[in-house]
Every structure is written in C-alpha cells, then in structure tokens.
Amino acid sequence: MAINHLAPEQTEQFADNIVGFARALRAAGMPVGPGAVIDAMNALPVIDIGNRADVFTTLEAIFVKRHEHALIFKQAFNLFFRASEEWKHMLDSVPLPDQAKKKPQAGARRVQEAMSQPRMTETPQHQEQDLRLSVSDKEILQKKDFAQMSAAEITEALRAIERMRLPQAELLTRRHRPDSRGLRLDLRRTLRASLRTGGDIIDIHRLGRIEKPAPIVALLDISGSMSEYTRLFLHFLHAIGDARKRVSVFLFGTRLTNVTRALRQRDPDEALASCSAAVEDWAGGTRISASLHNFNKLWARRVLSQGAIVLLISDGLEREADSKLAFEMDRLHRSCRRLIWLNPLLRFGGFEAKAQGIKMMLPHVDEFRPVHNLSSIQELITTLSRPLPPHHRSLIRSAA
Amino acid sequence: MTLSANSSSALPASVDAMLELLTSRGYLAERSLATVTYLSLRMGRPLFLEGEAGVGKTEIAKVLSAALGRKLIRLQCYEGLDVSSAVYEWNSAAQMIAIRMAEAAGDTDREQLSSDIFADRYMIKRPLLQALEPDVAGPPVLLIDELDRADEAFEAYLLEILSDFQVTIPEFGTVKAPHPPIVIITSNRTREIHDALKRRCLYHWVDYPAAERELAIVKSRVPGISAKLSQQVVRFVQALRNQDFYKSPGVAETIDWATALSELDARSLTPQVVGDTLGALLKYQDDITRMQGDTLQKVLKEATSET
C-alpha cells in the first residue's frame, strides 16, 4: 500500500506528524523502531483519518506491542494530537532520542568506586567470628556474612558471584534432535541417507529429546531489613540470568515490580541501575502477603507455566501475618515445580521460626536455606543443578 | 503488501464495512477491533490478538473465514510443537514402498529415485504449509491459536513464515505463497511472546466488552433468553469482574452461563440458582469458595436491583 496517491503536501504533513509522534513515544520510553513509523504511514491513508478513534486504534496497533505500554500510548496520543498547531510546538521540546537517553558509561561507576573511599565501613560487630589463622583468605571470604563485609570484600564477592554458572540441562522437553542413542527413529534422515546407497537402509538414525534448563523465577525482598543483601543477590541473579535465558526476577517491598527486562542488560552495573530506577519502594517496609497476592494473580500463570523453580529471597519478617499469607504461599507452592525459600536469618545458629510470618510461610516451601555468604550461594547452585523431583507432587497433597 | 485483484473484491472497503461484516455473522465487535482487523487485511499484516481467555480472540478468525468465504486453517499450539507437526512431514512408509518397488523393477538410478520419492505426493502437509498454498476462494485464514503455549524455538521459526510467507524444505526447495494468507495469532499471555514476532504484526489487546455490548452478545447468542434475565446475567458477570478473582469470567463463560440458566428455565437470578450454576462462570475452587456467603449476596443484589 503506497502513499503516493495522496497530494505531496498532505503526505509530508503526515510524515512529520508520525515521525514527531514516534519521537515523543520513544522519549516516553516505548521501543518504537523506524519500521513501525513506515507501517503507520502506510496504514493511515487506508483508514478515514477524520475519525479520531480509528486513528487512535490504528496507531495503537502499530506502536504498542505490549499491553503495559497501552496507557503511555493513550496519554501520549491525547497530548500529541490535541490540536493541529500545538504539536509542532511540542515537537521542539522533545529531545532527539540519542540526546535524551545518553547512556552513562558502564565502567564509570566502578572507576569512581575504585578512586573513592570504601562505601561501607568495616563493621565492628562480632556476631560471627569464624576467622581462624589456619584458613586462607579465600575461605574466609566464602564463609563471611555479606552484611559484615568491607567494601573490598564485597567487590571480591561480586567477582566470585559473576563467575558462578548454573549447569544447563535439566528439563526434558517434547522437542527432538538427532541423537545416536535416542529412542525415537528418525525416518526422514534414515531414508535420505539410504538414498545414497540406492535405497538400502544401512544406518538407522535416531532422535533424542532436547533437554533445557528449567526456568527460574526469583522473588527478592528489598525491604529495609534486607538492604545489606539486596545488591549482592541482584548481582547473583544477573549472573545466572546471563547464562540461561529463562530467569524472571521480581522485587517486592510494599509492592511488586517486575525487573526481568531491566536486569537483562549485559553490564551488571547498568542492569542494577535500571533495576533501581524501576522500583519505587526501595528499602521501605514489607508486605509479603500483598506482594505474593499480586504475583499470583498477575504473573504466576505467565512465568510459572513451564515448570519453573521459584526462589523466594526474604527474611519473612511480615507485620500483617495472617491466614492470607498462608493462602498465598500455598497458591504459589502449588503453581510451581519447586519453591525454595532463601532466608539470610538462617545464618544464626540458634534460629527458630518464632516470627508469625515465618511460621505461616514455612509449611509451604520445599526447601528452606540460608543465603548470607558465598558458600551458601554455592550450595544453592549445587541444589539447583540436581535432578528435579517429579512435577507437581503437591497436587496429591490436599490443599491447606 | 500488494493485493491481488481477485481477493480485494471480497474484502470490506472501510472500517464500517468491516464492522458490518462481523456483525452480520453474529460477532459484535468493538470498533477498535474492527479497525485493526480491517487494517490487517488491507496491509497484509498478521494480526496479533492478546487478552484474557474467553474474550473472543479465536472466534474472530472463524467469523472472518466464514464471512469472507475463505478456508480456515487452524494451528493449535502446544509445548513441543515442531516442524513435522506444524509445517510438513514426509510420508516415510510410502517412500519406503516406492524404494522397494524401484528395487524390484531393477531401477538403480539414484538421482531419479531421490527426486521421485521427495516429490509432492509423498509429502504430508501440515497447517502452515497448507496456508501457503493457493486456494480458489482466495488466500485462506490462518489461525495460529494460543501461541504462548508453543516454546520459543517454534516462535523463532514463525518469523520467516510471517515476514516472507515462505517455507524452505531441504529436499524440495522453497514454497512461497502467491498471495499471503490472512493470519490471526492469539495469545493468553501465559508467557511473553518475543518482541521480534510482535513487531511483524499488528497488535491488539482484546478487553472484556462493556455491559451494553455484552448484553447484545448474550441476546444474539442465546436467543430464547428473557430480557430481564439477560440483563441480570450481564450485570452479575460485570460485577464479578470487579471482584479480586484469580480468573475472571470471559464472554464465553457469560454465554455458557446464560445458556445454562435458560436451559434451567430460570426467570431471574436467585441465590439458589446462582449457587447451582456458578461452575459455568468460575473455574477455580478458591474463587468459588470466595463467592459463597456475603460476596454472593452483595453481587446478586447489585445485579438484580432496579430491574
């Protein structure tokens, strides 16, 4: 559908309008490529542009590719197309994308840190003194609580975390690939090979099932009481997300935020920066029950459907602990393959599940593990790479 | 993006005509849905419909094929869907017989044999390949249903088909559609579909209909229902959607429920009859449990007042 049947000046104004609008959308954070702009120019001449609602729907179908962006689009549309003259004025105030979003240089922060004083002072607390003269520095680092590390030690720990890789193969899929020891006969390849000898079947080709890693969904508590651990866990999740594609990360304090996309950026510093930009309630209070409810309602069916393992990273210190919390935990437990609760509080030897929230949550997890130092994270990785238990054994269990 | 002369004649010429076409087949669409459908026909672009289950995403493909007189080819996606069940497969048994026959006849020309057995007649065509074939009635409607159920590998495979409308078969060559089919893709969002695929499509979020439209839908789909009951049904369902349920009822559930009530000869909604038929609307035990008692009374009161 070419646009050449329109009068030239009309076409030009179209083009101006659309390009300007696309720029405004981009500035508002929507991913709008040049392909979409061309599409829009092709689409508008087909419909009656006198009908505002139709123009809206048309442009929406082309520019919006995710339901979450629909709201931004609506606002932008209403602002941009309010009067024929005003948009030109607005256009001037919209900066070009390359100026508007100049990326901070990835290394800048690390360089800055290297030049400046350590961020955390050496903590004088002596809760855990497992420093012994006989162990090497590396071993000390493995056992040291994240909350008690100096800045240099944290840097060292981050490096260790970045090196961690999860083993890959875990789930058997229903897709096949050539495999000489596979169970299924690959008739197509067998026949093709047999033609080389004029139709005599000499080699039987086989197919085996493709294995792929189970998706991991992490729910990370970012409330004030967890603040010493949050950054390191995010680094950990970034590191494992780098190696395998299907890792979804949600942060929650008083509300739930999906930071999966933000965390996809290659550079860990950039990824963490865009994560914190996405979250409004950093280091605030905790509402585990409400956050889990939101997760169960909005996201569970979308991210847990392929046999996901859920990592719930939280200290479980919830004020509004009531039956709702138990209900939501149960629902979460029943909709995933395995629910692993990682709790930094477990580092204390005499830890007892006294807090109401923890008592409510404990019956609904498959595993309860500490995560406060490098060696516990290492153990977690070992756990995650073990063969998975049969799917949904919890279905047999009666609902609590 | 060009349209052939023979197919465009059947296509509606404006958004209003599209709306009329859908309505004539009993699909009461929002104007926005008619607009994107019209655009996708005119631009030759696949239409990507997302929304909750039961809002009529699949239905539009069926209606479209019926209204335009085109063949409907449906590909239901599932985990593990691969090329041999979505595009094509060789009929190996028949091929083997052909080889044996050639042997028995003393035919030893390998090249000849190879081109003989990888011919069209030994190929089993699956939905995607069928959709690329020319049809006398014009390009078919290809419905790729619940794409979110297929895995990422299949999605990547679709990219080639959806942008060039062609399939490459190693033994055979490239099959290209003379006229691109009308493609409708639906997703319930059980996982995110990759942006690369969405970029090739027109995207539209299908929402629950407004009360007025839903009432019209119920009346047209459940002909025997009384005005009073249909009104109460729609109000009840609309009120349910405002509740904090795990799965809100879709239009399909509304129609089911209205049909059930009309089968039971219900005159109006009572706690008894609602309680007995709630399973037609709510599909999770947790949701049904929550509806017992006060909530039911409240919603029921809302639905039956001032009628």
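Predicted model: local features only at pLDDT ≥ 70, side-chain atom pairs only at ≥ 80, totals over all residues.
As for conventions, residues are numbered from 1 along each chain as its sequence is written, chains are lettered from A and ligands numbered from 1 in the order in which they are written, and side-chain values use heavy atoms, with hydrogens and water left out.

Let me start with chain B, where the domain assignment gives domain 1 (15–82 + 124–206), domain 2 (88–120) and domain 3 (211–298); such bounds come from an automatic or database domain assignment. Over residues 43–221 the chain is 41% helix and 21% strand, with the end C-alpha atoms 31 Å apart; helices (H or I, at least four residues) and strands (E, at least two) are DSSP runs, numbered from the N terminus.

How do domain 1 and domain 3 of chain B meet? Their C-alpha centres lie 31 Å apart, and eight residues of domain 1 are in contact with 10 residues of domain 3, contact meaning heavy atoms within 4.5 Å. The two domains bury about 660 Å² between them, 50% of it on carbon and sulfur atoms, where buried area is the accessible area (1.4 Å probe) that two parts lose on being put together, summed over both. On the domain 1 side, B:L28, B:A53 and B:G54 supply 57% of the area buried against domain 3, more than any other three residues.

Between these two domains the count is one salt bridge, that is, a side-chain nitrogen of Lys or Arg within 4 Å of a carboxyl oxygen of Asp or Glu. B:R213 forms a salt bridge with B:E30, and the closest N and O atoms are 3.2 Å apart. There are also four residue pairs in polar contact between domain 1 and domain 3 of chain B, both residues at pLDDT 80 or more; a polar contact is a pair of N or O atoms within 3.5 Å, where within protein one must be able to donate a hydrogen and the other to accept it, and residues adjacent in sequence count only if both atoms are side-chain atoms.

Turning to the interface between the chains, 54 residues of chain B are in contact with 48 residues of chain A, and the two chains bury about 4,700 Å² between them, 52% of it on carbon and sulfur atoms. In chain B, the residues that lose the most area to chain A are B:R189, B:Y203 and B:Y246, together 15% of what that side buries.

Across this interface the rule finds 12 salt bridges, and in one such pair the side chains of A:D39 and B:R45 meet at 2.5 Å, N to O. The count of residue pairs in polar contact between chain B and chain A is 21, both residues at pLDDT 80 or more. The largest share of the side of chain B that touches chain A, eight residues, comes from α3(B).

Finally, the domain assignment of chain A gives domain 1 (13–67), domain 2 (174–212) and domain 3 (214–387), and 49 Å separate the C-alpha centres of domain 1 and domain 2 of chain A.
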